[in-house]
Amino acid sequence: FPSFPTELFFLVLLKYIAMYCMSNTVPKEMSNLSNLQTVIFETSSRILEVKADIWRMLHLSHLRTKSSILLPLSLAKHQSQKLETLCTISSQCCTAEVFQRTPNLKKLGICGEIDRLLEASGGSCLFAGISSYIQRVQNLKLVNEGSNFSLNVLRADSFPTKLTRLTLKNTRLKNEHITTLGNLQFLQVLKLKDTV
């Protein structure tokens with residue numbers, strides 16, 4: 001679709017949407033589809049701005065796209081109890097406020113300048129400030145789009161403790177840090193893409 005089809009907003013019984021659209025925005029009217037459980041949205045845009053109030057969509061469990069999602073923060077601090085998949089959000093949205101709203105998150109993808117995650121901690125720990133909120137995450141994907149970033153500060157205790165799948169792309173991971181990943185107790189699948 002060249003733009004988001006407004007006719008969708010009348011299909012209030014929808015539980016699943018998978019679509020390709022050239023739009024770089026998920027309109028706020030999407031919030032009206034209160035029965036939605038899964039949204040898969042593909043676009044040619046690198047950044048996808050979600051204007052829909054996903055925190056009020058009580059049945060939403062999976063929100064997936066390959067673009068970098070910019071999430072809304074409504075004034076009311078609703079928690080999205082059922083949201084288990086959030087892929088792929090912008091690194092600038094990786095805040096305590098966002099992850100406080102997603103207490104049952106199991107699959108998380110982060111795309112953008114990954115060094116933002118380190119800057120928030122003074123360069124000492126990858127997920128400082130949010131690590132306590134993402135402990136249920138089992139599947140984590142980090143896609144770095146920053147040009148000068150190198151994942152040279154890596155501690156196993158900065159990752160979620162229940163992590164079973166980890167994907168690192170364009171992180172320039174150093175060989176000596178692969179041993180650190182071996183300290184992740186439950187890690188079963190490791191994907192390293194363009195890491196050097």
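Trainee: Why is the sulfur of cysteine 94 too far from the closest cysteine sulfur for a bond?

Mentor: A disulfide is a covalent bond between the sulfur atoms of two cysteines. The cut-off for calling one is a sulfur pair within 2.5 Å. The closest cysteine sulfur to that of cysteine 94 belongs to cysteine 93, and at 7.2 Å that is too far. The structure holds zero disulfides. A caveat: this is a predicted model, where local features need pLDDT of at least 70 and side-chain atom pairs count only at pLDDT 80 or more, while totals for chains, interfaces and linings use all residues. Residues are numbered from 1 along each chain as its sequence is written, and side-chain values use heavy atoms, with hydrogens and water left out.

Trainee: Is cysteine 94 buried or exposed?

Mentor: Buried means under 20% relative accessible area, exposed over 50%, and partly exposed in between (1.4 Å probe, protein chains only). Cysteine 94 has 11%, so it is buried. Cysteine 87, at 10%, is buried too. Isoleucine 178, at 38%, is partly exposed.

Trainee: Which strands does β3 pair with?

Mentor: Strands (E, at least two residues) are DSSP runs numbered from the N terminus, and two of them pair if DSSP finds at least two bridges between them. Strand β3 (residues 38-42) runs parallel to β1 (residues 16-20), with five bridges, and parallel to β5 (residues 62-70), with three. Tyrosine 20 stands opposite glutamate 42, and isoleucine 40 has arginine 64 in β5 as its bridge partner.

Trainee: How many of the five residues in β3 are buried?

Mentor: Four, which leaves that strand mostly covered.
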